[in-house]
Amino acid sequence: MNYSEPLQTVMEAYSSIKENTIEGRYLHLGHIAPLLKKHTENFRIEEIGRSVLDQPIHYVEIGAGSIKILAWSQMHGNESTTTKAVFDLLNAANLLQNVPEMKVILETCRIRIIPMLNPDGAKAYTRVNANEIDLNRDAKKLKEPESNVLRKEFDEFQPDFCLNLHDQRTIFSAGKVAEPATLSFLTPSMDAERSVFPEREKSMQVIVSIYKHLQSVLPGRIGRYDDAYNINCTGDAFQTLGVPTLLFEAGHAPNDYKRDKVREYVFAALFSALYSIASGRYLENKSSIYDQIPQNEKLFNDIILRNALINNQKLDVSIQYKEELENETLKFVPIIEKIAPDIPNFAHWEIELKDQKIEFPELNNLHENVIVNKIVLNGDIWTLKRE
Ligand SMILES: [Zn+2]
């Protein structure tokens, strides 16, 4: 399926603006430094602080309008998909500046983007920073230098909207169905009662725009994240301070563990949000549609071996990949999560064994929480490991 208006023209040009020098999941400052250098000719770029390990944190500013938007990516170092989409957006702002939908964004908005808030976590491929703190739980205490960089930018820039950009795990489904949550969104709560104040309503309306614009390419694969209130989370904190804030979560699409396809959807969602804000079209949306977006559920495993004969018992084996960095390369290590009859989850890869006996050549005895790189079925080796 194709993208519909107002995304169509820009998405038709996507292959020409995709930043091809970055790909895959492992993305650190060494990868984006040359791109920041390249874009100094096009945009205002400032170093706005340093990480625990003294690595620079930058913003890139695009547009010259009056609506101010603050976005940040890779607050969690191992969540790089939205960063790739941000660099696609920078190319689009440069190369497609005369496309009417892009033009209205650049003329109406001033968008400050921090592409990598947690460069130390990005290098080590960890969620946390170098002090092992989750920056998205540090919004109130503000103990970490990276949290202070973001908060200072928020206070000084005084944005009208915030975009908080993340990745989510492969376990999420969009509702109680066998559809992966390829993208998920959230307008964080502003109090424990999850009240809908006007600021929160605005961010709901922008999410409704994205939901409508991406329906044709991701039917049934857009989810809504849980909105339990936590003032330690950055999105909740900023929205409580009265700035409409949207959380983006890049998720799983079939066979896209490197998230290079999902990156395109994230770019489309970013563009959709910016266009809706710039054009004011989001105000036409009923915020109640937000509640119709299916809520994320944790119903997926990466792999399930179905109906295997193990020790004369018919059993399912669920397997989840653990992402591990080995010599600068990211590996997806398969680990057994559960061995039980009729595991109710869905899987991105289901292997139906029809009561056939399988062997686990690496294991002396089969149990949960062990690595299982391969299985043997009728003398054939099936590799479960991924790179
Ligand atoms: Zn995250």
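Two strands count as paired if DSSP finds at least two bridges between them. That matters for Glu359, which sits opposite Val376 of β16. Keep in mind that this is a predicted model.

**Domains**
- The chain is assigned two pieces: domain 1 covers 8-298, and domain 2 covers 301-383.
- Going by C-alpha atoms, the centres of domain 1 and domain 2 are 34 Å apart.
- Where they touch, domain 1 puts in 12 residues and domain 2 puts in 7 residues.
- On the domain 1 side of that contact you'll find 6 nonpolar, 5 polar and 1 charged residues.

**Helices α5 and α10**
- Helix α5 (residues 100-108) and helix α10 (residues 262-279) have axes that come within 9 Å and cross at roughly 65°.
- The crossing of α5 with α10 is left-handed.
- From α5, the contact uses Glu101, Val104, Ile105 and Thr108.
- From α10, Leu274, Tyr275, Ala278 and Ser279 take part.
- Sorted by class, this α5–α10 contact comes to 5 nonpolar, 2 polar and 1 charged residues.

**The β15-β16-β17 sheet**
- Here 3 strands form an open sheet in the order β15-β16-β17, and the pairing is antiparallel.
- β15 (358-359) and β17 (380-383) are the edge strands, each pairing on one side only.
- β15 and β16 (residues 374-377) run antiparallel and are joined by 2 bridges.
- In general, strands of a sheet pair through backbone hydrogen bonds, either parallel or antiparallel.

Note on methods:
Residues are numbered from 1 along each chain as its sequence is written. This is a predicted model: local features need pLDDT of at least 70, side-chain atom pairs count only at pLDDT 80 or more; totals for chains, interfaces and linings use all residues. Domain bounds come from an automatic or database domain assignment. Two residues are in contact if their C-beta atoms, placed from the backbone, lie within 7 Å. Ala, Val, Leu, Ile, Met, Phe, Trp, Tyr, Cys and Pro count as nonpolar, Asp, Glu, Lys and Arg as charged, and the others, Gly among them, as polar. Axes are lines fitted to C-alpha atoms, for helices over the stretch in contact, and angles run from 0 to 180 degrees between N-to-C directions. Helices (H or I, at least four residues) and strands (E, at least two) are DSSP runs, numbered from the N terminus. A crossing is left-handed if the near helix is turned anticlockwise from the far one by less than a right angle, and right-handed if clockwise.
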